[in-house]
Amino acid sequence: MQFQQLQYFVAVAETRHFTRAAELVHVAQPSLSQQIKALERELGADLFQRARGNITLTDAGEALLPLARRILADTETARYEVQELVGLRGGRVRLGATPSLCTGLLPDVLRAFHDRYPGVRLLIEEGGSHDLVRELARGALDLALVVLPLPTPSPALTTVELLREDLVVVSSPEASRPGHGRRTVRIADLEGERLVMFRHGYDLRELTVAACRAEGFEPDFAVEGGEMDAVLGFVRAGLGVAVVPRMVAARSARGLRVTPLARPGLHRTIGLAHRSDVAPPRAARELQRMLLER
């Protein structure tokens with residue numbers, strides 16, 4: 001059974017005339033008649049009773065007509081949906097990002113993307129770089145914003161550097177200024193400070209702990225195990241200080257004192273990753289372009 005045969009069948013059923021039906025679907029009348037006969041042979045039943053000047057549906061034709069109309073309508077819907085997607089009037093993007101990037105980088109970019117393509121659904125998954133790389137590799141994400149270098153280099157993924165971001169120290173304005181009141185803080189000045197620390201698996205936790213150990217001391221945790229919002233809330237409450245990305249501090253500065261790290265400071269490199277063997281969908285490629293051009 002062919003789509004074209006159903007189209008011809010519905011045209012004859014609606015016009016009750018083979019010649020007018022052929023004109024309606026822009027085909028020669030003999031070709032239309034042949035296709036109708038081929039359809040009847042495949043179904044094993046006559047669809048029309050053909051009396052001179054009088055075309056009527058048989059019982060088989062009456063049964064097929066609503067199904068054929070539904071198939072043709074579904075086909076038209078499918079065509080429209082694909083055209084919507086091609087024109088970025090529909091579709092979805094599955095984007096993974098670390099919680100700090102969801103707080104700092106993504107809101108402005110996603111707002112611009114949504115304003116331009118309001119019909120595209122944005123599905124965001126927060127997680128550490130380890131988890132996001134795994135989800136990306138198994139096809140659960142189209143794109144992922146991860147900290148570079150990747151924890152385990154993977155030839156299955158393609159990455160491009162997006163930005164290099166400074167880290168800063170945040171503290172409560174009501175607490176003593178870290179670094180003995182200086183305008184910048186050295187990592188060594190965090191010895192003796194109580195830190196509010198992220199959960200295990202968080203890129204910022206690993207980076208901060210490694211920097212402290214490089215200065216010859218183990219960091220002292222006042223609270224540990226939180227996500228970004230929780231860490232900032234604990235710092236505002238005066239429980240300790242935290243090392244966070246500058247963009248996050250800028251967005252969440254209310255109720256926080258922000259102190260830069262003295263040179264050379266601490267930085268992290270953010271990359272945009274996708275699978276090497278599968279091109280991201282068009283909507284994802286457009287979001288990728290906007291992130292790279294930001």
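1. A residue counts as buried when its relative accessible area is under 20%. In this predicted model, Thr208 has a relative accessibility of 3%, and therefore it counts as buried.

2. Thr208 belongs to helix H8, which spans residues 203-214. Its side chain reaches the backbone oxygen of Leu204 at a distance of 2.8 Å. Leaving aside residues up to four places away in sequence, Thr208 touches Leu195, Met197 and Val243.

3. The next points concern aromatic rings. A pair of such rings is described by the distance of the centres and the angle of the planes. The structure holds four aromatic pairs. One of them is formed by Phe9 and Phe48, with 5.5 Å from centre to centre and 50° between the planes, a tilted arrangement. This pair links distant parts of the chain, since Phe9 lies in helix H1 (residues 3-15) and Phe48 in strand E1 (residues 48-51), 39 residues apart.

4. Are the two partners buried or exposed? Phe9 is buried, with a relative accessible area of 0%. Phe48 also counts as buried, at 3% relative accessibility.

5. Phe48 forms a further aromatic pair with Phe18, which is edge-to-face: the centres are 5.9 Å apart and the planes make an angle of 70°. Phe18 lies in helix H2 (residues 18-24) and Phe48 in strand E1, so this pair ties together parts that are 30 residues apart in sequence. Phe18 has a relative accessibility of 11% and therefore counts as buried.

6. Taken together, the ring pairs link Phe9, Phe18 and Phe48 into a cluster.

Notes
Residues numbered from 1 in each chain as written. Predicted model: local features only at pLDDT ≥ 70, side-chain atom pairs only at ≥ 80, totals over all residues. Heavy atoms only, no water. Helix = DSSP H or I, 4+ residues; strand = E, 2+ residues; numbered from the N terminus. Buried < 20%, exposed > 50% of the residue type's maximum accessible area, 1.4 Å probe, protein only. Polar contact = N/O pair within 3.5 Å; in protein donor to acceptor, adjacent residues only side chain to side chain. Contact = heavy atoms within 4.5 Å. Phe/Tyr/Trp six-rings, centres within 6.5 Å; stacked < 30°, edge-to-face > 60°.
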